[in-house]
Amino acid sequence: MTATATPPTAKSTTPPRPEGKQKRRPAKSPYPLWFYIPAGILFTVLFLVPTISSFYFSLTRWSIFDVEFIGFENYVQFFREPALVQGFINTFIFGFMTSGLKVILGLLLGVLLTSSVIGRGYLRSVVFFPVLVSVIGVGFTFRALMDPFDGAINTALGWFGIDGPGWLTDPAWALYSVALVDVWRGVGLATLIYIAGIVGIPQEYYEAARVDGASAWRSFWHITLPLSWPATSTVVLLSLIGGLRSFDLIWAMTRGGPGFTSDVIASVIYKQYQAGFYGLSTAGNVILFLVVTAIVVPLSMWLRKREVEQ
Amino acid sequence: MTETRVVTTQVADGQKPLKIRKRRKLTWKAKLQRYGMGSIAILASIIVFLLPFLFILFTAGKDRQEASLFAFTPPSQWMLWENFIAVLETRNYMVVTAFWNSIVLTVVAVSIMVILGSMVGYVLQRRKSRWNPLVMLFVLAGLIIPPAVVPTVWVMQSLELYGTLIGLILIEVTFGLAFTVLLIRAFVAAIPKELDEAAIIDGAGSMRLFFTVIFPLLRGVIVTVIVVQAVTVFNTFVNALYFLPGEPTVQLTLYNFLSQSGNQWNLLFMNILIITIPPLILYIFFNRQIVAGMTSGAVKG
């Protein structure tokens, strides 16, 4: 890199720089490290410090007035809470279900919307639109649509003679219903990322494949799929991380109910916070941190390794 | 259909196609895909995506009694304007205050986020330094780790940022940075490094290189980042709840119409309509640029 840097004398032909700093470091990399600093300061103060101190605070009994060190008592209490085991499992179900569906639907829609179908512009807009609407608003809307008796979904199912379940009131369904709404809301973003990835694939590959007589399916399998891998890894990571931490939609739709059946770790944390158990709530944060990290870090390393191999 | 149709099973703007042997077969298939798949997709999109919004509109136009029935019918008497006024007047024009707060929050936070985020994403992709693993670790940490709520409140209190709009702006920037950096880094990778080298040979310094060569090329992804982050920040719910108590933001106004004594669904849905307008305008305004930006980002030498 540095080999290509110009000697200072060559600059005399160009207009003066706004900063005029270049003379001091002619042989330096053109990519200055201080670009990291402003973002780094914010990140350190408002994210790293709270996160690191959360490990300490999770070991305390913490109220508005004082902090008392109590060891692992919060964690013990947290794992005794019946809602936690349920919330713990639900977090995985919700995360993997939403992320898997977003990848599959996002890829299919991405391929469809980069092909020459009619109404492409309309479809792109309409699929992406739910991303824009307030999560809380979406939650309330589907709460009304999913009403077991009067809701539009069960009314429509009734026309076909199907007796729809109590989407949000039946403990067996509540979590999955919220997950489906989350996919409805988030698939537009996944599609957008896939569209960007797919149009970035050079057309020459498709031409070459076509000359070689490859079918559309083989083109998809051997060109689109591997070459849109960066898009796939972005979609997988973002939706998994979002899914495992998901709170807003669940809170708007079920508040973790009925009972604890649609609680996830994030909603348990919030309930503890509301109750004023700050230490306990922070312990929940640490647990969620560990859960998410244990899943996402190995996965992202694997995805990045495959990305490099491409 | 001209000859160019032959190769357009994928987007192929302005391409000069080679004449290919299996032309007729491909055309037939392309047509099937174009019209068949398109029709199915449009029909499905109406049911899955448009009907819920029609429901919001219908319910927002009903009176309180009728709205509580959840029926998917047009209101027997349209009351959009009355409900609109009723929502505005609720709790002493709280929606108006909330709108102002949310718009200031969104504009300032997203601007800072885009500039800081693209600086990091760019250097991170371009320069191999020993800091990269650490920065990448922070980016992933920022994406992965759920913010520790109470300790963050504690830090903000000691900086006297707690409960202020500036505090919430900085929080949104911090929480949004990781995603911004990740997205921009991925797109910087698609910009040929030869461009940098050419600019350097032409005598551009690092600031000039970034702001006049790279930054304009990032336009497509930056528009995407702006739209996505603006929507995220505008729709922020939990962060506002935790870090800006006492000052309303738009999402919190929805809860005005839920109460133990009975929900006012008509006003609630009217409120959803009102707070969806700014993201909608943003999207209509940027829609073409999103698609154009992303397609142009794909153009390679």
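Guide: Gladly! The crossing of helix 7 of chain A and helix 10 of chain A is right-handed. A crossing is left-handed if the near helix is turned anticlockwise from the far one by less than a right angle, and right-handed if clockwise. Helices are DSSP runs (H or I, at least four residues), numbered from the N terminus. This is a predicted model, where local features need pLDDT of at least 70 and side-chain atom pairs count only at pLDDT 80 or more, while totals for chains, interfaces and linings use all residues. Residues are numbered from 1 along each chain as its sequence is written, chains are lettered from A and ligands numbered from 1 in the order in which they are written, and side-chain values use heavy atoms, with hydrogens and water left out.

Visitor: At what angle do helix 7 and helix 10 of chain A cross?
Guide: Two packed helices are described by the angle between their axes and the distance between the axes. Here helix 7 (residues 174–199) and helix 10 (residues 229–245) of chain A cross at roughly 165 degrees, and their axes come within 9 Å. That makes the two roughly antiparallel (angles under 35 degrees count as roughly parallel, over 145 as roughly antiparallel, 65 to 115 as roughly perpendicular and the rest as oblique). Axes are lines fitted to C-alpha atoms, for helices over the stretch in contact, and angles run from 0 to 180 degrees between N-to-C directions.

Visitor: Which residues of helix 7 of chain A meet helix 10 of chain A?
Guide: Contact means heavy atoms within 4.5 Å. On helix 7 of chain A they are A:A190, A:I193, A:Y194 and A:G197, and their partners on helix 10 include A:V235 and A:L238.

Visitor: How does helix 1 of chain A pack with helix 7 of chain B?
Guide: Their axes are 9 Å apart, at an angle of about 105 degrees. That makes helix 1 of chain A roughly perpendicular to helix 7 of chain B. Among the residues in this contact are A:F43 and A:F47 from chain A and B:F175 from chain B.

Visitor: And how does helix 1 of chain A cross helix 5 of chain B?
Guide: Those axes come within 11 Å and cross at roughly 50 degrees. That makes the pair oblique, and the crossing is left-handed. A:F43, A:F47 and A:L48 meet B:F138, B:A141 and B:G142 there.

Visitor: How many residues of chain B are in contact with chain A?
Guide: 116 residues of chain B are in contact with 102 residues of chain A.
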